[in-house]
Amino acid sequence: DDMDQVAIHEAMEQQTISITKAGIQATLNARTSVLAAANPIHGRYDRSKTLKANLTLSPAIMSRFDLFFVVLDECDEVQD
């Protein structure tokens, strides 16, 4: 969702969160670590494509993360 990406981008870039409720606007400090998970496009990770091509995350959001770990589930009818 684009609105979620905008919200997380503010927290990761400016280390603040802006909230508006009942006519009151507040900006709060956001000092935390972010651990995120994402599912690949079409539900399957395509090894022939890059990580960026497998996800629908903007380059601005991806640049805020220090590490990426790709966890693959190999389909195996015998073991599964």
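The model is predicted, so local features need pLDDT of at least 70 and side-chain atom pairs count only at pLDDT 80 or more, while totals for chains, interfaces and linings use all residues. Residues are numbered from 1 along each chain as its sequence is written, and side-chain values use heavy atoms, with hydrogens and water left out.

**Exercise 1. Helix α1**

Task: Compare the span of α1 with the expected one, then find which residues of α1 are buried.

Solution: 
- Step 1: Start with the naming. Helices (H or I, at least four residues) and strands (E, at least two) are DSSP runs, numbered from the N terminus.
- Step 2: Take the length of the helix. α1 has 13 residues and spans 18 Å from its first C-alpha to its last.
- Step 3: Find the expected span, which is 1.5 Å times one less than the number of residues. The span of α1 is close to the expected 18 Å.
- Step 4: Look for buried residues, using these cut-offs: buried is under 20% relative accessible area, exposed is over 50%, and partly exposed is in between (1.4 Å probe, protein chains only). In α1, the residues Gln5, His9, Glu10, Ala11 and Met12 are buried.
- Step 5: See what they pack against, where contact means heavy atoms within 4.5 Å. The partners of the buried α1 residues are β1 (16-21) and α3.

**Exercise 2. Salt bridges**

Task: How many salt bridges are there, and which parts of the chain does the pair of Arg64 and Glu13 link?

Solution: 
- Step 1: Use the rule: a side-chain nitrogen of Lys or Arg lies within 4 Å of a carboxyl oxygen of Asp or Glu. The count comes to 2 salt bridges.
- Step 2: Take one pair. Arg64 and Glu13 meet through their side chains at 2.6 Å, N to O. This pair links distant parts of the chain, with Arg64 in the segment after α3 (59-62) and Glu13 in helix α1 (residues 2-14), 51 residues apart.
- Step 3: Arg64 is partly exposed at 33%, and Glu13 is partly exposed at 40%.
- Step 4: Take the pair of Arg47 and Glu74, whose side chains meet at 2.3 Å, N to O. Arg47 lies in the loop between β2 (24-29) and α2 (51-54) and Glu74 in the segment after α3, so this bridge ties together parts 27 residues apart in sequence. Arg47 is exposed, with a relative accessible area of 59%.

**Exercise 3. An aromatic pair**

Task: What kind of pair do the rings of Phe65 and Phe68 form?

Solution: 
- Step 1: Recall the rule. Rings of Phe, Tyr and Trp (its six-membered ring) pair if their centres lie within 6.5 Å; planes under 30 degrees apart are stacked, over 60 edge-to-face, and the rest tilted. The count here is 1 aromatic pair.
- Step 2: Apply the rule. The ring centres of Phe65 and Phe68 are 6.0 Å apart and the planes stand at 55 degrees, so the pair is tilted.
- Step 3: Compare the accessibility. Phe65 is buried at 17%, whereas Phe68 is partly exposed at 39%.

**Exercise 4. Positive phi**

Task: Where is Ala22, where is His42, and are they buried or exposed?

Solution: 
- Step 1: Begin with the background. Most residues other than glycine have a negative phi.
- Step 2: Look at Ala22, whose phi is positive, near 50 degrees. Ala22 sits in the loop between β1 and β2 and is exposed, at 82%.
- Step 3: Look at His42, with a positive phi near 65 degrees. His42 is in the loop between β2 and α2 and is exposed, at 79%.
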